Amino acid sequence: MELRKRFLRAANLLFIVLLAVQFLPDRVSKDPKTAFVIWFAVGAEVLVLLVSALIRKPQGLNLFLDIIGFLFAFLTLWTLATAKFDLLKESLFPPPGRVFAQFIEDWDKILVNIRSSLGIILQGYLLAALIAIPLGLFLGWTTGRSATGARWPGRITASFWTIRCLRKTPFRS
């Protein structure tokens, strides 16, 4: 792929548009913190340039650049609708710079919550595995009759037993 096709794409143009929008005058009462949007966009553009240089397959590069281009377009529209033209209520839709600033400010709390959530998920998975694996092995190995004379499933699959039970269920129309 030639250099011009690799590095001059729509995502790069949308990056320039996003930067140009940041320099329009603001109409919000509080500081929209446009520096955070600029730093985010510059970081994303550096990532775009690195990935454009490293990815060899055009399909993979096109997919990545489409995603980043959508991100730049979304941030541009969000900035225009909130900080620049004040079309959306500021308390419901804060400018993206303020959202990024709050994200950086609350980073420690976010990591604690992510760790807590992953711990809960891991505990649930381990508890389910501790109960389900021995129970499944017990049901699979048992082939004798119970005290009531009913035969355990043995090695027959669960789908067979479901079909057999449904066959005996009376259906009325």
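This is a predicted model: local features need pLDDT of at least 70, side-chain atom pairs count only at pLDDT 80 or more; totals for chains, interfaces and linings use all residues.
Helices here are DSSP runs of H or I with at least four residues, strands are E runs of at least two, and both are numbered from the N terminus.

Residues are numbered from 1 along each chain as its sequence is written, and side-chain values use heavy atoms, with hydrogens and water left out.

Next, select α2 (residues 10-22) and α3 (residues 34-54). They pack at about 165 degrees with axes 10 Å apart; the axes are lines fitted to C-alpha atoms over the stretch in contact, and angles run from 0 to 180 degrees between N-to-C directions. The pair is therefore roughly antiparallel, the label for angles over 145 degrees.

Now show side chains. On the α2 side, pick out Phe 15, Leu 18 and Leu 19, among others; the residues they face in α3 include Val 37, Ala 41 and Val 42. Contact means heavy atoms within 4.5 Å.

Stop at Ala 41: leaving aside residues up to four places away in sequence, Ala 41 touches Phe 15, Leu 18 and Phe 72.

Phe 15, Leu 18, Ala 41, Leu 65 and Phe 72 have the most contacts inside the largest nonpolar core, which has 15 residues. Such a core is a set of buried Ala, Val, Leu, Ile, Met, Phe, Trp, Tyr and Cys residues joined through side-chain atoms within 4.5 Å, with buried meaning under 20% relative accessible area (1.4 Å probe, protein chains only). Helices α2, α3 and α4 (58-84) each give two or more residues to this core.

Technical notes:
Angles under 35 degrees count as roughly parallel, over 145 as roughly antiparallel, 65 to 115 as roughly perpendicular and the rest as oblique. Buried means under 20% relative accessible area, exposed over 50%, partly exposed in between (1.4 Å probe, protein chains only).
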